[in-house]
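Thanks for making time. I will go through one structure, starting with the fold and ending with the charged side chains.

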Amino acid sequence: TIVPISAVGAADSANILVDAPDMLKLPFGLGDRAANTTQNVMAARYDQDSSDELFQPPLVVPKLLPARHYFIFGKPFDTTYIDHQNMDECGELYAGVKGELKRGLDDLLEAREKDPYKDTARRIALEQVLGKPAPTFEVAELNK
């Protein structure tokens, strides 16, 4: 079973100092060390060699005030009867999961724009006064 999970907000909570490909170009042997580390990571795709993929996270620092994070679980996809060698079945499953993830992201981006407490400073001030988490949108607003 595949359960799509859409998430918004993490990228707004950190500053990228050095992007992933640039990590491999760092001087003083740091880039070589990063490259050697990524070579030990198994490829995510069964039909590709690890050298064809770059699994190097960027160098990030958190922002002083993190953004609010939003998550939604999408419709689950049963994979019990999917023949992994049938490209049509796999393509249909992939398209369904991808569509569900996109729908979740679209819903979350729209909900975030309407969120009166998306501003971190305002939200923290309210939470300190009330002594409880700031309210968020109703789940019924999503998946329309």
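In what order do the elements of the protein run from the N terminus on? The order is β-β-α-α-β-β-α-α, which comes to 4 helices and 4 strands. Please keep in mind that this is a predicted model. Of its 144 residues, 24% count as buried. The accessible surface is about 10700 Å², and 58% of that belongs to carbon and sulfur atoms. Among contacts between residues at least 6 apart in sequence, 73% join residues at least 24 apart.

Now the core. The largest nonpolar core has 7 residues: Val8, Tyr70, Ile72, Leu108, Ala111, Phe137 and Leu142. Take Leu108: with neighbours within four places in sequence set aside, its contacts include Val8, Tyr70, Ile72, Phe137 and Leu142.

Next, helix α2, residues 30-39. Which of its residues are buried? They are Gly31, Ala34 and Thr38. These three lie on the same side of α2, because the arc they cover around the axis is only 60 degrees. That buried side packs against α1, residues 20-23, while the face turned away from it carries the exposed residues Asp32, Arg33 and Gln39.

On to charges. The structure holds 8 salt bridges. One of them joins Arg68 and Asp115, with the closest N and O atoms 2.9 Å apart. Arg68 is in the loop between β3 and β4, and Asp115 is in the loop between α3 and α4, so this pair ties together parts 47 residues apart in sequence. Both residues are buried.

Other pairs sit within helix α3. Glu100 and Arg103 meet at 2.5 Å, N to O, and are 3 residues apart, about one turn of the helix. Glu100 counts as buried because its relative accessibility is 10%; Arg103, at 30%, is partly exposed. Together with Asp107, these two form a network of salt bridges. Lys114 and Glu110 also pair, at 3.3 Å, and are 4 residues apart in α3. Lys114 is exposed, with a relative accessible area of 53%, whereas Glu110 is partly exposed at 45%.

Last, a residue without a partner. Arg123, in helix α4, is buried yet has no salt bridge. How far away is the nearest side chain of opposite charge? That is Glu127, at 4.1 Å, and the cut-off for a salt bridge is 4 Å. Beyond four places in sequence, Arg123 is in contact with residues including Pro66, Arg68 and Tyr117.

Key:
Residues are numbered from 1 along each chain as its sequence is written. This is a predicted model: local features need pLDDT of at least 70, side-chain atom pairs count only at pLDDT 80 or more; totals for chains, interfaces and linings use all residues. Side-chain values use heavy atoms; hydrogens and water are left out. A nonpolar core is a set of buried Ala, Val, Leu, Ile, Met, Phe, Trp, Tyr and Cys residues joined through side-chain atoms within 4.5 Å. Buried means under 20% relative accessible area, exposed over 50%, partly exposed in between (1.4 Å probe, protein chains only). Contact means heavy atoms within 4.5 Å. Helices (H or I, at least four residues) and strands (E, at least two) are DSSP runs, numbered from the N terminus. The arc is that of the directions from the helix axis to the C-beta atoms. Accessible areas come from the Shrake-Rupley method with a 1.4 Å probe; for residues, only the protein chains shown count as cover. Lys and Arg count as positive and Asp and Glu as negative; His and the chain ends are not counted.
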